[in-house]
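Look at the sequence and structure first, then read the points by topic.

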Amino acid sequence: MKVIIIEDEDLNAEIISNHLQKFDSSIEIVAHLKSKEEIKKWYNENDQVDLVFSDIELLDGNVFSVLRNDLIKCPIIFTTAYDTFYQDAFDVNGIGYLLKPISYSRFEIAMQKLKTLQGKEKNINWEKIANTLLKTNKVYKERIIVKNNNEITILNANTISAFLSDSGKCVAIDENGKEHIFREKISDLVDELNPNIFFQINRGEIININYIEKIETYFNDRLLIKIKNYKNKVTTSTSITPEFKRWLDK
């Protein structure tokens with residue numbers, strides 16, 4: 001059996017590796033991937049494996065935005081520190097959901113369940129099961145990780161007034177109007193934020209409703225938005241303005 005470990009913390013990856021060797025020493029770990037970009041690169045250059053262990057929250061975002069691209073076609077056992085998904089529901093559907101720190105006893109149950117299901121059915125749509133559960137028990141992004149040289153800054157996602165795209169980089173505007181550059185794409189990020197709080201007003205800008213100071217009409221049926229403590233105003237696109245107005249009235 002060939003296995004991939006998707007985990008941005010080396011210690012957790014080592015724990016999974018040790019559990020795998022204890023369960024079956026013939027299992028081969030072919031890759032240890034730490035980010036969504038590494039996942040995309042590996043799968044674009046290599047064949048599918050038999051099993052994936054995957055953390056949910058990586059440093060560059062939620063892994064489900066990658067899963068929706070149909071890159072991974074094999075069974076997935078999720079490993080995470082979040083207990084907001086239903087672990088038993090994942091087990092019933094044949095995908096393990098292991099809470100960190102991962103005990104060997106729970107790990108073994110997930111592996112045995114996997115072997116049982118694989119013996120009964122060869123064409124299980126593992127990604128569909130994962131996405132169905134995600135929609136039912138959605139966990140929205142809580143933190144933004146900003147790396148600057150040798151420093152790491154952790155921002156509370158709900159206190160970010162806006163996210164802007166600038167020359168291929170993503171910029172988070174904090175509650176004081178300070179800009180923070182981090183690795184993420186606006187298109188991926190919008191799926192990971194709470195839609196009751198955040199709205200993508202155009203191709204490159206997402207705003208937080210709690211930090212809107214003033215809204216003015218603008219030409220071509222657009223709206224000009226003043227964000228609290230931020231120097232620049234942002235503008236809705238013409239096509240998105242009607243939907244944005246409906247969102248404000250919720």
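Glutamate 184 is buried, at a relative accessible area of 11%; buried means under 20%, exposed over 50% and partly exposed in between, with a 1.4 Å probe and protein chains only. The model is predicted: local features need pLDDT of at least 70, side-chain atom pairs count only at pLDDT 80 or more, and totals for chains, interfaces and linings use all residues. Residues are numbered from 1 along each chain as its sequence is written, and side-chain values use heavy atoms, with hydrogens and water left out.

**Lysine 36 and glutamate 184**
- The side chains of lysine 36 and glutamate 184 form a salt bridge at 3.1 Å, N to O (a side-chain nitrogen of Lys or Arg within 4 Å of a carboxyl oxygen of Asp or Glu).
- Lysine 36 sits in helix α2 (residues 36–45) and glutamate 184 in the loop between β12 (179–182) and α7 (186–192), so the pair ties together parts 148 residues apart in sequence.
- Helices (H or I, at least four residues) and strands (E, at least two) are DSSP runs, numbered from the N terminus.
- Lysine 36 is buried too, at 2% relative accessibility.

**Lysine 141 and glutamate 192**
- A salt bridge of 3.5 Å, N to O, joins the side chains of lysine 141 and glutamate 192.
- This pair links distant parts of the chain, 51 residues apart: lysine 141 is in the loop between α6 (126–136) and β8 (143–148), glutamate 192 in helix α7.
- Both lysine 141 and glutamate 192 are buried.

**Glutamate 213 and lysine 226**
- The side chains of glutamate 213 and lysine 226 meet in a salt bridge at 3.9 Å, N to O.
- Glutamate 213 belongs to strand β15 (residues 212–218) and lysine 226 to strand β16 (residues 222–227), so the pair ties together parts 13 residues apart in sequence.
- Glutamate 213 is partly exposed, with a relative accessible area of 48%.
- Lysine 226 is buried, with a relative accessible area of 18%.

**Network and total**
- Salt bridges with shared partners join Lys36, Glu37, Lys40, Glu57, Lys141, Glu184, Asp188 and Glu192 into one network.
- The whole structure holds 13 salt bridges.
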